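Here are some questions and answers for a reader new to this structure.

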Amino acid sequence: MDQTSKLSNRVINAIQKDISQGIYKPGQKIPTEPELMVQYAVGRSTIREAVKTLAMSGILRVQQGSGTFVSESVQTESLDQRLRRADFEEINQVRRMLDYEIVKLAAQHHTKASLTEMKKYLDLRKKAILEQQYHDCMEADIAFHTTIAKASGNHVLADLYRSFTVVIRDFFAKRDTESISHFAISHHLHEQLYEAIKSGNVKLSRQAMEDILDNNY
């Protein structure tokens, strides 16, 4: 990668950050080329390359004779904010795709330490069910699945799953918190998932995960 490309990538990231932080709002005109050159301490060619890339991505809109504007349809929310207002069915569909890959990798790459951690949270989940402790059960459930994501050995998948815990926690909080039955009826499925991962059986791991998600309402 040449120096101009490296600099333009830095400018692209900086402009995107300014948009996400609300410094430049959808529909708003951004500073002129000379102003951007001073602001980001780069040359004209770097600014033009960055603006061209952002325009091709639909983030900026170049209007001849008027200047460059932030696209009206640009997404300014963070991933966490977007997830919080997402429809639960959408979340479950995406989580299903993530979890199928996560449990496959966890079945293949788990360690003794990761199995011990999974078992710890599985036992805490059961204990919370028996003691009718909704919040403790929710946290144990999330920790159990997060541990599986970590056991996959894929850091990107693990980070994506951690992002999803924001909306999963929100969903659990909106559910009937006086009744722990939702967790109780799926506990045997969680035990099956743990045993399938422990045995290294990808097919059974995916089946157990599918059954859990089918009973996730």
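Q: Which residue has its backbone oxygen 2.6 Å from a polar atom of the side chain of Ser152?
A: This is a predicted model, in which local features need pLDDT of at least 70, side-chain atom pairs count only at pLDDT 80 or more, and totals for chains, interfaces and linings use all residues. Residues are numbered from 1 along each chain as its sequence is written, and side-chain values use heavy atoms, leaving out hydrogens and water. Ser152 sits in the loop between α7 (134–151) and α8 (155–174). The backbone oxygen that lies 2.6 Å from its side-chain polar atom belongs to Ala149.

Q: Which residue has its backbone nitrogen 3.1 Å from a polar atom of the side chain of Ser152?
A: A polar contact is a pair of N or O atoms within 3.5 Å, where one must be able to donate a hydrogen and the other to accept it; residues adjacent in sequence count only if both atoms are side-chain atoms. At 3.1 Å from the side chain of Ser152, the backbone nitrogen is that of Asn154.

Q: Is Ser152 buried or exposed?
A: Buried means under 20% relative accessible area and exposed over 50%, with partly exposed in between (1.4 Å probe, protein chains only). The relative accessible area of Ser152 is 2%, so Ser152 is buried.

Q: Which residues is Ser152 in contact with, leaving aside its neighbours within four places in sequence?
A: Contact means heavy atoms within 4.5 Å. With those neighbours set aside, the partners of Ser152 are Ile102, Leu105, Ala106, His109 and Leu157.

Q: Which residue follows α10?
A: Helix α10 covers residues 187–199. The residue after α10 has a positive phi, near 80°, and is Gly200.

Conventions
Helices (H or I, at least four residues) and strands (E, at least two) are DSSP runs, numbered from the N terminus. The expected span of a helix is 1.5 Å times one less than its number of residues.
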